[in-house]
Each structure stands twice: as structure tokens, then as C-alpha cells.
Amino acid sequence: MRRVLIAILGTALGTALLVGAKALGPSPQPAVATAPLDPTPSPTHRPSPKASHTSSPKATTKTRTILGGAFSAAGFGDVQVRVVVTGQHLDDVQVVQMSNRPLNAPERLRQQALASQSARLTIISGATYTSRAYMRSLQSALDKR
Amino acid sequence: VSAGASPADRFGAPRVRADQRALRAASGAHVVVPPSRTFKAVFVANFWLGLAVALGVWWLNTPSGSVQSTADALIEVGRVTGLVSGYALLVQVLLMSRLGLLERNVSANDIIRWHREMGATVIITVLAHVAFLLAGYAAQDNAPIVSETLLVLRTYQDIVSAFVATGILAGIGLLAVRAVRAIVSYEVWHFLHLATYAVLLLSYGHQFALGRDLAGPGRAFWIALYVAVLLALFWGRVVDPLRLNLRHRLRVANVVAEGHDTFSIYIRGHRLDELGAQAGQFFRWRFLTRNGWWQSHPFSLSAAPHHAWLRLTIKAVGGHTERLRHLQPGARVLAEGPSGGFTAERQRRPRALLIAAGSGIAPIRALLEELPPGATVIYRASVPGDLIFTDELDWLARTRDTRVHYVVGSRDAPGPQWALSPAGLAALVPDVARRDVYLCGPEGLVSAATDVLRTLRVPRRHIHRDPFEF
């Protein structure tokens, strides 16, 4: 029984130390900085061929729908979004593919994107890979405005 | 009490029997490796290494200084406890895989102790994992924890089954509490333990679908871990038992009464000399009768393995053991084993002292045949009617120079108190410090005797204990 207690207390102490250690040190740049948004995706994260303009880029005030590239969310499948823009203004973000949707991630990321009018979003803890892929796809769509 | 001078007489086997060890050595069928301290050390080192890798992946995935808010801290604690519980669950299944390598190189005592510690760790860390993550997500969303939980259940992949798995684990954890364990029948306890496999099945989905540290580079490590554990499980639970039972085709030969509530089962089979078992080891026995086929129980051999038969001795304590008394000759038996390192090969000194209580006498009785002559036995029982094998012990006293002290009486009676005190033990066995000591009996007696032996300066490495409570 005593050894069981030691095992449990040891786990608790170890966990506290590990997480505590990550609380020290300088605050990292906004989460986007740790996941740089590369407008030209690496070969492994190449946008799917489907990624294309669904309307003419010339019309600057018309409301258009642009499909972003599909990006791998490391083991969670691909993520691909479609944006609705009027001129440069981002009206809406719709998810085309996202097999794993933890933490209400699509809605939370959409809110952030609409508020910031950009692809610079805060990564959702618990949906890190999905958030990153979402930002990349969003960025690739916004780049085609 | 019981009739017949030696087990060989009762079974009708030749009275004069060859020395078991010489016989098996001559057959050359097997080499039994004694429980190895090296193996145990390597196993333990690998356990810590694996844990370090699992947590190392988390460490690298978590940028320094990224834990800024309470929500961050709660979520990271949830992640770490999740990794620990997933790892501990796999180790737990590995410990119970019955892999021969483990069963014979690590004493059953250690396996049971680790199983208990690991089990507690799995349950506590799983509960912490769930609680911390839900609290963390709720804090992040500024939402009440109940609605956050519902959101998680609705939107997360494979999360419902993971919640079911947590419920099962909590149930198993509750059973481990002694007070609860005492009122639950073995059968219920057994089936809930089997549900651990369901936990593995129900929980792996969410681990791989949602676990940040199981994606990317960590994925290969976890897949390797799962594959290794499942292979061990398959080998230990399917391949090995299948091989043993197809080869030896065990059947009940006879059931013989030993005392008022104790009886022996003699087992016959093919090529038993190639079984590779030693006195002091146990098998897990499954008797294929109408209501007993689904459960298997560990029983030690109560006589050194013979080329024509094996014997196990059982005390009727519950429904299952009571029914075993009425086994018919010819009933099929499935066995898993041999297991345990409570063998004569552990011996380091020329002579041994063996202390037995209750049905702990069974492996001690078997060991006497394989230990060198000159051993001393202290046999503890509360009433004379509980003593069994008295005529066999007489036979061993004659043929193998064994000295037997019967210590009979209640725990508080002066005789037993004296016999198991440092002074008493030193008087009964003056050279105790120069002997190996084999202990088998209820936990209370074994640990009390260990303390006395330590007082008498018996080195720890000369004290061999067999777990009596399975």
C-alpha cells in the first residue's frame, strides 16, 4: 500500500515539475510564430490540385468564394477551408475537409479569423496540428484574394 | 487424516523413484534459467526509458514558456497524465501477458506488486487526465465545465468510447479497495478484470486521433509499443498455452482427500518429462467441466513433477474449489506455465530452512524433493486437523534427512509465539543464518517471519518468498 502511494505521489510530483518547467522561461511569441505560416507550402503540404479560384480575381468588390489548399494535420487527416471575401474583406470561412474536429475547433478558429481578418490565429490547445493546418489553408486562400 | 505413504503409492507409480533433477538433466529437454537479477534490472530500466521517451515527446512538443494561463497549465497536466496513463496501461497488460520470459525471470511476487502499483497509477492518472483536460478546456472557453464536457463528447473523435473506458477503469479501481474486494465474489472480480482488454480497445482510438504527442514523431514510438505488447499478449496467452496443451494433453487422473477440507488432484499427460517444470513452480489450471471451464487458477505443484503425473493440492475455500473436489478422472485440463521462481535453483547455501503455513505447505512439500538432503521444515497450522502431508513428511524425513517441526496452535498461544520469535527460531534451527530460507504462507506470517529472520542476520538474498495470495 505504501508503495502504491509513493507511485501516485511520484506521478503527481513529476507532472507538476514538468508542467512547471514549461511555465518558466520567456513567453513565446504569439502562437503563430511557433508555427510560421508559409505562404508557399512545403512539398509535403502541397495544396491539393482542387485548390483554385472559383471566381475571377479581378472583381474587387464582388463577393467571391476562394478554395484554400489542403494541408496535412499530421496524422489527423487533411484540413481545407473555403473563404468568402468581398474585396479584401473576409466575410466567412467554411470548412471543406477536417476529419478531426476537436474542441469545437472549426467554429473557434472561424471566429478568430473573422475578428482578426487574417490567418494569424491563436493555436487551440488540444487541437494544435488541426489549428496549424487550418491557418495554412486559410492563408493560402487569402493569398489568392 | 489421509492414507498412503507417498504420492507414488497412491497413484500406483513405482515406489522407488529416480531423483527428479537427475532424470530431467539426463533427458536434456530443457534448461531452466533461475530468476535473473539481470533480467529484472533490464526490464525495470526499459520501463523507465519508455516512460522517458513518452514524456520526452511531450517536452519537445511544448515550447518553453508556453504555459501562461491556468487553462494552459491544466491542459498540459491533462496531457502529461494522459501519456502516463496510456503508458502504464500498456505496461500493465504486458505484466499480465503471461509471457514465459517474464513469468520465469521475475518472481510472481514482483509481478503482483508491480501490477498493483501500476494499476493504481493507471486509474489515478486516467481520472486526472479527464478532470484536468475538461477543466482546462472549460477555462480556455470560459464555459461551465458541464457544457464543455458535452461539447467534447459531441465533437471529439472516439471520445465517447474513451469515456466508457474511464468508467470501466474506475469500476476496477473501486474493486481494488480492500473493503469492496471482500464483498465481491471472485467471479465478478474476474470478469471486471477481463474488461481491462475492453479498456485498451476503447481507449486507443482517442489516443491516436486526438493525442498531440501521439501524432508526428511520437506516433512511431506508440505504434511500436502497442505492437510489442499485443505480440507479448498473443504469445503468452495463445501460442504458449496452445503449444503446451497440444503437446502434453493433460487429464485428471485421480482426486484424493488429504485432510478435511484439502484434496489433491493428480494429472496425467503425454511426455510430462519434457514439461520443464520444477518443484516450487505453479501452473494456472483450467478444468474443462461444465461450470469450471471459464476460470483458471494458479496452483503450485505439491510434489516434484514426475514423468507420469503432476500433483496439485487444493483447499476448498469457495464454490469453484469445492466443485473441483468432485472432478471425474479423465476430465480434460488446460494448463499455463510453469511460472514462478520459487525453486531449488534459487538456493545459494548447502542447506535450507522452509517455513510453511496453511496450504503454503504444497510448494514447500514439492521443494523438499529437489533441495539437497538436510533441510528443516517449520510447518505452522492453527489446529492439528489442518496438517496435511504428515506421512509424506515422515517419508521425506527418512529418505532425505528432513527435520520437521510442527507448530500447531492459535496465533496467540505461547508455543507458536515462541517458535516464531527470534529466540525460538534460533533454538529450533541453530544454523539459520547459514541457510537459505523458503517462505510460503499467508502474507502476515511471511512478513512477520521475514522480520524475525532479518533479526537473526539471515541475508535478504537468502530469503525466498512465494506469493500465497494470488
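Predicted model: local features only at pLDDT ≥ 70, side-chain atom pairs only at ≥ 80, totals over all residues.
Residues are numbered from 1 along each chain as its sequence is written, chains are lettered from A and ligands numbered from 1 in written order, and side-chain values use heavy atoms, leaving out hydrogens and water.

**Helix H1 of chain A**

Let's start with H1(A), which covers residues 2–23. Helices here are DSSP runs of H or I with at least four residues, and strands are runs of E with at least two, numbered from the N terminus. The 22 residues of H1(A) should span 32 Å at 1.5 Å a residue, and the 31 Å between its end C-alpha atoms agrees with that. The expected span is 1.5 Å times one less than the number of residues.

Buried means under 20% relative accessible area, exposed means over 50%, and partly exposed lies in between (1.4 Å probe, protein chains only). On that scale, Val4(A), Thr11(A), Thr15(A), Val19(A) and Lys22(A) are the buried residues of H1(A). Viewed down the helix axis, these residues fall within an arc of 55°, so they line one face of H1(A); the arc is taken from the directions from the axis to the C-beta atoms. On the face turned away from the buried side sit exposed residues, namely Arg2(A), Leu5(A), Ile6(A), Leu9(A), Leu13(A) and Leu17(A).

**Where chains A and B meet**

Chain A brings 32 residues to the contact and chain B brings 43, with contact meaning heavy atoms within 4.5 Å. About 3,000 Å² is buried between the two chains, and carbon and sulfur atoms give 62% of that area. Buried area is the accessible area (1.4 Å probe) that two parts lose on being put together, summed over both.

The rule finds one salt bridge across this interface, a salt bridge being a side-chain nitrogen of Lys or Arg within 4 Å of a carboxyl oxygen of Asp or Glu. Arg3(A) and Glu117(B) are the partners, at 2.5 Å from N to O.

**Charged pairs within chain B**

Over all chains, the search finds 19 salt bridges.

| Pair | N to O distance |
|---|---|
| Arg79(B) and Glu76(B) | 3.0 Å |
| Glu336(B) and Arg98(B) | 3.3 Å |
| Arg365(B) and Glu392(B) | 2.4 Å |

Arg79(B) and Glu76(B) are three residues apart in helix H4 (residues 70–95) of chain B, which separates them by about one helical turn. Both of these residues are buried. Glu336(B) and Arg98(B) are buried too. Arg365(B), in helix H13 (residues 361–370), pairs with Glu392(B), in helix H14 (residues 390–400), so the bridge ties together parts of chain B that are 27 residues apart in sequence. Arg365(B) is buried at a relative accessible area of 0%, and Glu392(B) is buried at 0% as well.

**A buried histidine**

Finally, His206(B) lies in helix H10 (residues 186–210) of chain B and is buried, with a relative accessible area of 14%. Its side chain reaches the backbone oxygen of Ser203(B) at 2.7 Å. Leaving aside residues up to four places away in sequence, His206(B) touches His129(B), Gln157(B), Asp158(B), Ile159(B), Ala162(B) and Gly211(B).

Key
Polar contact = N/O pair within 3.5 Å; in protein donor to acceptor, adjacent residues only side chain to side chain.
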